[in-house]
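Reader: I'd like to learn how to read chain contacts and overall shape in a model like this. Can you walk me through it?

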Amino acid sequence: MTHSAGSPAPPILVVEDVHKSFGGVRAVAGASFALQRGAITALIGPNGAGKTTLFDLITGFAAPDAGAIRFEGKPIEGLPPHSVTRRGLVRTFQLTRVFAAMTVLDNMMLAGRGQPGEGLLQLIARRTAGQRVEGEVRERALAALHRFDLDGKAGDYAGTLSGGQRKLLELARALMTDPTLVLLDEPMAGVNRVLGSRLLDDVEELRRTAGMTFLFVEHDMDIVMRRADHVIVMAEGAVIAEGSPDAIRADPRVIDAYLGQARSRT
Amino acid sequence: MIEEASAPPSPRWHSRLPPAAWLALVIIAALALLAGVKGPVEAGQATINGLVDAGYVALGAVGLTLIFGILRIINFAHGDFLTLGAYVALMIAASGLPIWLAAALAILVTAAVAAALDKLVWEPMRRMQTSTLQLLLAAIGIALVLRYTIQFFAGSQVRSFGQDILSAVNLGPWHLGTLQLVALLAGIALIVAVGLGLRFTAVGKQMRALSDNMALAEVTGIDTRGAIRLTWIVAGALAAIAGILYAAAVGTINPNFGSLILLSLFTAAVLGGIGNAYGALLGGIVIGLAQEWSTLFLNARWKPAVGFAILILTLLVLPRGIFGRVPART
Amino acid sequence: MLRRLMMGTLFATGISLAAVSTAPADPINLTIGKLLELTGPLSETGPSQDKAIKLAIDYANKAAAAAGVDIKAADVGADVQGDPQAALSAARALVAKGASCLIGPSITPESIAIANGLTIQKKITIWPVGTSMRLRTIKDEGTIFRTVPPDSLQALALVAGIIDKLGTASGKLVSIAYRNEPYGEGLAKDFKAAWEAKGGKTQGPVVFDPNQATFDSEAGEIVANNPDAYVIIDYPDTFAKLGASLVRTGKFDATKLFVPDALAFSTVPGNIPAQAIEGARGTRGGTPTDTDAYKVFDKLWETAGGAEHFSLDANSFDSTTLCMLAAVAGKSADPAAIQEHVRAVTTPGAPKFYLTTLSDAFKAVAGGEKIDYVGVAGAFEFAANGDPTISRFDIFEYRAGKLAVLKQIDAAK
């Protein structure tokens, strides 16, 4: 486990020997890695390598059978997803999800409300707490929508958005939770090149201006090579290699396990 | 699934007019026709009777539709929550407390029972990701346990709040019972409150988010467990209010009354578009009016049959109910 | 079969009848099953039915002992819950405990379920307290006897009761309504025919479903056209709701209301609004109260304490007595033997015996004589279908929430 040069800060996320089986099928078998704060890391691997399961384990959608996951130095394995989100670790889904029957603005504002420590009683009391918080959240939401050119759609139902707009909304919504680490599950899937590179420009800018850390799953090797600082390669539930894009490109194990297959796919 | 009256535009032919307005036009036209054929006094009285029926059914159906819309549970125990609310209120009132206090305590108790059942039954079942069929069977089991527990403690005989059910409000040639009017107005007010609450409050939006996409709600930072618990508490409280109003206005109840009207509650909920609070109200109105209007032409023995005939006909024309819509998700 | 051959031999060889009665015959240990409405819509009737049957067994045991007739009856009971399925289970349980006759139940669908599911096949007599003519639509093979007045006779009593109030039937309009059950359907049909045969007019019937929340439309139809009388055939739990709806119409006059026995209560239940029933009249199976038999019965009842008189309690008392007499006539507690001998103890034209002479009745029956036992509720003289051909009815009126009997009439086909 080596840290990138010139990065004295401790890793933001540490995954240690994590295991998960579903009915005898080992989806994740001893995966270990660490994410550097402020880096954009790509997670690659053939289909069935366990990437999405790993996302589920990190974000609380499933509890690992064994192993440890630490976020900002604290264990988070087994926490419910909303607690993980409130600690500043947020994810997107492979198939874009939006609250279709709600307006775009409501989609955003819901995410803005889920502040740490907000329990049931506070939720009920919130109505009487006045409009201050409400107004603050609304301003942040509108600003985020503006950033993604969605402000014209604020009053529309999210279900009426195009696939690309949903992708943007998903990222915008994730930012509303004030994350320090964002996990993106195939952010380019189903998105045209122009929009895709625009999304990644936004990611790079957020890393630069807000110091956010990103981990993303991607199949398009060109994108991975151009955009990622660091690449983690999974196969059969375990991390088989990691390093800089150039190092990974040259690693024969990775070529065996993955690159050949990916080339034939694209 | 918890939807709003003005939900995303639907592609159907009547989409230019909101369903509620469309329905109101049909009802007014039918009323005018009936008044012409049968005379305004009889048609008006049947309409009032139908609205009273609607009030009873709609408030009961709201909790049912909430639970299905948000949690996808077909709650067969909902009728028995009505019974529970009414009986707890009866028991407390029997100890000498004023009726309004007894009712308030009964609402709390019923809500607490609903929350406890979520903790003891529904939450473990959610964790195990049980199938719809297992959830259905669990609901039926809870229904039976509730019913027989009530019967055990309260006996199976007919009971009454002893309120004055004879007093009537006369509006020209028409009349309706004072308590019936109270139940109707309280029912409509509560349904509108639930509808507005779902639409505008933070909690309501979280519930709708939950119903829309549970996983996304989680990543959005919503405490889904808490929101689900709250959904049960609201459904339990609404059921208790419905049960108490029903018992007070109808006059007499026995431990089976909730399970006996459950089918009507389902009919109203499905007819209105399951998952929609206003749908429960409109569904109740359609069923109530159809049944009472039918007595102008048919023997009253056909009333229950007319209700279900309307349900089947409506579902043939509007498969998702009056407020139902084609999901906008892709 | 063997027993019957032996009996035939006894008669053929001319052994004296007196010898049979005094000879130490096999003692008869008879178990009488009580099908009681302890819960459900008629739960108010359960305690008085229970008491009536127990009193009858007690009294007849003593009378038989005094006559030197060796029969000893005991009772077993079960709750029929107002529900046909539950009633059939209850009957099975009683038969499993050795019951040879079953007294009750009060609701006709319960009796039909029991007869079809159990007693016809086993030739066990049942003695229902329900009065519906629907009971006679099944082929009971002579196993169902009723001491209670059947609805065909009650319909005639209602007609007589209304004429008594209005002076005439001719041209008078009666609004008919009934709860959607065989009891109401049969009685309403018979009443309509009898009323119209007297020159009266009817409207309706308004038929209502018991499980609905409101009865306002039904109430409106019942009071429409300002009829001279209403006949409403209902049970107390529904009438609590229908009654309130009737009052709310503002057009309802309770003194025009006539009800049959299912709405006959010594004291009106608290949940039935007084304005819906005060001053109403009705009919119920009556018990002649001026007879010596009634005085004995009433004294037994009062001495025993407990449940108060309820309609048809004397009938269940009589049914129990008849069952025991028939067992003695059949010389067996075997249900089939009892069934074969019911008519031997209620034979028209035979010497009459009464409750006051029950001991003599036992002696005569044990001696093989045919008798005509006249019960507390009157003579039965069963028709071919097992129903009485003549019945006594009370015409009553509710005054200050209490039932007051105005007069008694005999209704006969």
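Reader: How many residues of chain B are in contact with chain C?

Author: Two residues are in contact if their C-beta atoms, placed from the backbone, lie within 7 Å. Here 28 residues of chain B are in contact with 27 residues of chain C. This is a predicted model, where local features need pLDDT of at least 70 and side-chain atom pairs count only at pLDDT 80 or more, while totals for chains, interfaces and linings use all residues. Residues are numbered from 1 along each chain as its sequence is written, with chains lettered from A and ligands numbered from 1 in the order in which they are written.

Reader: Which element gives the most to the side of chain B that touches chain C?

Author: Helices (H or I, at least four residues) and strands (E, at least two) are DSSP runs, numbered from the N terminus. On that side, α2(B) gives the most, with six residues.

Reader: And what about chains A and C, how far apart are their closest C-alpha atoms?

Author: They lie 35 Å apart, and no contact joins chain A and chain C. Two pairs of chains touch, and the most contacts are between chains A and B.

Reader: What does chain C look like in terms of helices and strands?

Author: Chain C has 13 helices and 13 strands. Its radius of gyration, taken over C-alpha atoms, is 22 Å, close to the 22 Å from the globule rule (2.2 Å times the number of residues to the power 0.38) for 413 residues, so chain C is as compact as a globular protein of that length. The C-alpha trace of chain C spans about 75 × 40 × 40 Å along its principal axes.
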